[in-house]
Amino acid sequence: MKLSLETRSPADARGDVLVVGRHSDPARPAPEIATLDKKLGGLLSAVLKTERFEGKAGQMSHFHGEGRIAAGRVLVVGLGPRKPGDAEAVRRGAAAAMRRARDLGAASAAVFMAGDGLTPRRRAQAIVEGAILGTYRFDRYLKEKSEKVIQSVAVVESERRNHAAAREGLRLGEIWAGATCLARDLVNEPANVMTPTYLAGRAEEIAKAGGLEFKVLERAECAKLAMGAYLGVAQGSQEPPKFIHLIYAPGRRPRKRVAVIGKGITFDSGGLDLKTADGMLRMKDDMAGAATVLGVFQALPRLKLPIEVHGLIAATENMPSGTAQRPGDIVRAMNGLTIEIGNTDAEGRLTLADALAYAAQEAKPDEMIDLATLTGAVVTALGQGISGLLASHDRLAAQLLADAEAAGERMWRLPLFEEYKEGLKSDVADLTNVSSQRGAGAIVGALFMRDFTAGIPWAHLDIAGTAFTERDHPLGPKGATGVGVRTVLNHLVALAGRA
Ligand code: BES
Ligand code: ZN
Ligand code: ZN
């Protein structure tokens with residue numbers, strides 16, 4: 001999608017369609033809208049009146065410009081009630097409008113939004129994110145691809161003093177949405193393509209393109225580092241494991257060091273504790289955390305932040321076989337702790353245990369964030385629209401909640417109380433990977449992982465419910481969502497600003 005800034009007024013903006021956002025509360029419309037209506041001979045207000053257009057979120061109406069304005073057609077999109085600073089309403093409005101414009105056969109669009117209390121930068125960024133994310137499709141395996149494609153989008157910003165800020169918003173929106181679409185693409189790939197080897201190859205491409213430091217530790221090197229928990233999961237698969245390490249380092253001395261860690265199970269069959277057919281169906285998405293990490297690293301080189309960021313993925317399949325790990329096995333993680341395998345399907349925390357221990361030891365970060373499709377329990381607790389946040393550090397948790405809010409990504413903190421630690425005790429090892437007590441699976445999973453964080457401020461995002469959706473949603477079609485990419489990018493930008 002080609003993006004540009006349109007510095008003319010909405011009435012003079014060119015394109016197959018001119019999109020105009022409209023809130024539901026009857027405040028005075030922006031002066032640009034009044035001018036537009038005048039140029040249209042009152043058509044805009046007349047159409048909205050006869051259609052009783054209320055401006056409800058997602059409501060739409062369109063009509064021909066009849067040659068009175070530069071654009072071919074006008075598409076009005078409802079933004080819901082006016083809440084100052086509500087970037088998500090603009091994102092969703094732009095997304096819905098672009099999909100409708102595409103259905104209408106438009107190839108180019110100009111978008112004008114106003115009255116949302118956003119800075120010109122945030123508004124432009126939100127429009128671009130909505131346009132790109134909202135029209136995302138995963139069609140590489142389809143013979144018949146839709147011919148309807150929006151090729152170019154212009155953000156209309158007629159006030160001269162806002163142009164520089166709007167241009168920056170355009171740039172960031174393209175980076176934020178592009179990184180999210182990359183994560184979606186990676187998760188949507190089927191597991192017969194998306195193997196640990198393929199994932200490592202994609203990581204290497206991203207590293208090369210961005211001039212990033214990059215290494216892959218093969219099985220033997222992981223064994224040398226004593227990553228027994230990770231390798232225990234990997235031993236059942238024919239596909240070799242790949243431990244992926246990416247580093248973004250600024251030109252000067254970094255002001256902060258961060259590790260971002262993604263669960264990278266390219267397929268989770270459950271192992272010998274085999275999942276049911278239904279439970280296994282979508283388990284290609286079990287590398288969504290890893291995909292988020294790669295999305296972030298695609299974006300990082302273009303942001304030039306003064307912080308050092310480590311991306312870590314302990315990639316493997318979780319498969320049943322004659323060489324697979326058995327329930328009751330005892331493995332030793334890189335930090336020396338022994339783990340009794342209570343259930344081979346609780347494999348994510350095992351791979352993350354070694355990834356966290358490696359991050360703490362090798363990167364020595366000021367903070368660590370992991371993203372993982374870790375538990376079915378978080379889906380029970382929070383459903384498909386909200387990620388679980390569990391953190392050992394209140395300030396980091398509060399910051400991430402704010403970063404998620406700014407991204408329009410729903411996230412809710414769950415407690416990491418000691419109460420349930422008891423259930424992870426084993427008679428024969430330091431820990432077991434599943435609790436002997438009932439319930440609170442998302443908390444228990446996080447409590448297990450905390451033992452591998454070496455006391456470094458740490459936050460865990462359980463994205464089992466949010467990484468993949470069965471239904472179309474406001475910012476994209478069913479399938480992978482790319483959740484977490486924009487939250488983590490917001491976090492890194494804010495961290496760099498504070499550092
Ligand atoms: N990958 C699954 C978690 C999952 C479930 C992701 C549903 C997406 C949708 C994870 O490895 C798993 O199997 N967790 C088990 C843990 C249990 C055995 C303690 C679970 O949640 O059932
Ligand atoms: Zn599992
Ligand atoms: Zn899993």
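The six donor atoms around the zinc ion (ligand 2) subtend angles of 72 to 169 degrees, so the arrangement is irregular. Six donors count as octahedral if opposite donors are over 155 degrees apart and all others between 65 and 115, and four as square planar by that rule; four are tetrahedral if all angles lie between 85 and 135 degrees, and anything else is irregular. This is a predicted model, in which local features need pLDDT of at least 70 and side-chain atom pairs pLDDT 80 or more, while totals for chains, interfaces and linings use all residues; side-chain values use heavy atoms, without hydrogens and water. Residues are numbered from 1 along each chain as its sequence is written, with chains lettered from A and ligands numbered from 1 in written order.

**Zinc ion (ligand 2)**

- Its protein donors are D268 (OD), D345 (O), D345 (OD) and E347 (OE), at 2.0 to 2.2 Å; donors are N, O and S atoms within 2.8 Å of the metal (3.2 Å for Na, K and Ca), and sites may look incomplete because water is not among the atoms.
- The zinc ion (ligand 2) lies 3.2 Å from the zinc ion (ligand 3), and D268 coordinates both.
- D268 in strand β9 and D345 in the loop between β12 and α11 link parts of the chain 77 residues apart; helices (H or I, at least four residues) and strands (E, at least two) are DSSP runs numbered from the N terminus.
- D268 is buried at 3% relative accessible area, whereas D345 is partly exposed at 22%; buried means under 20%, exposed over 50% and partly exposed in between (1.4 Å probe, protein chains only).

**Zinc ion (ligand 3)**

- K263 (NZ), D268 (OD), D286 (OD) and E347 (OE) are the protein donors, 2.0 to 2.4 Å away.
- The site of the zinc ion (ligand 3) is octahedral, with angles of 78 to 172 degrees among six donor atoms.
- K263 lies in strand β9 (residues 257-268) and E347 in the loop between β12 (338-340) and α11 (348-363), so this pair ties together parts 84 residues apart in sequence.
- K263 counts as buried at 2% relative accessibility, and E347 counts as buried at 0%.

**Ligand 1**

- Ligand 1 is surrounded by 15 residues (a heavy atom within 4 Å), of which K275, D286, D345, E347 and G376 are the closest.
- A backbone N or O atom of G376 is 2.7 Å from an oxygen atom of ligand 1.
- An N or O atom in the side chain of D268 lies 2.9 Å from an oxygen atom of ligand 1, and one in the side chain of K263 lies 3.2 Å from an oxygen atom of ligand 1.

Key:
A polar contact is a pair of N or O atoms within 3.5 Å; within protein, one must be able to donate a hydrogen and the other to accept it, and residues adjacent in sequence count only if both atoms are side-chain atoms.
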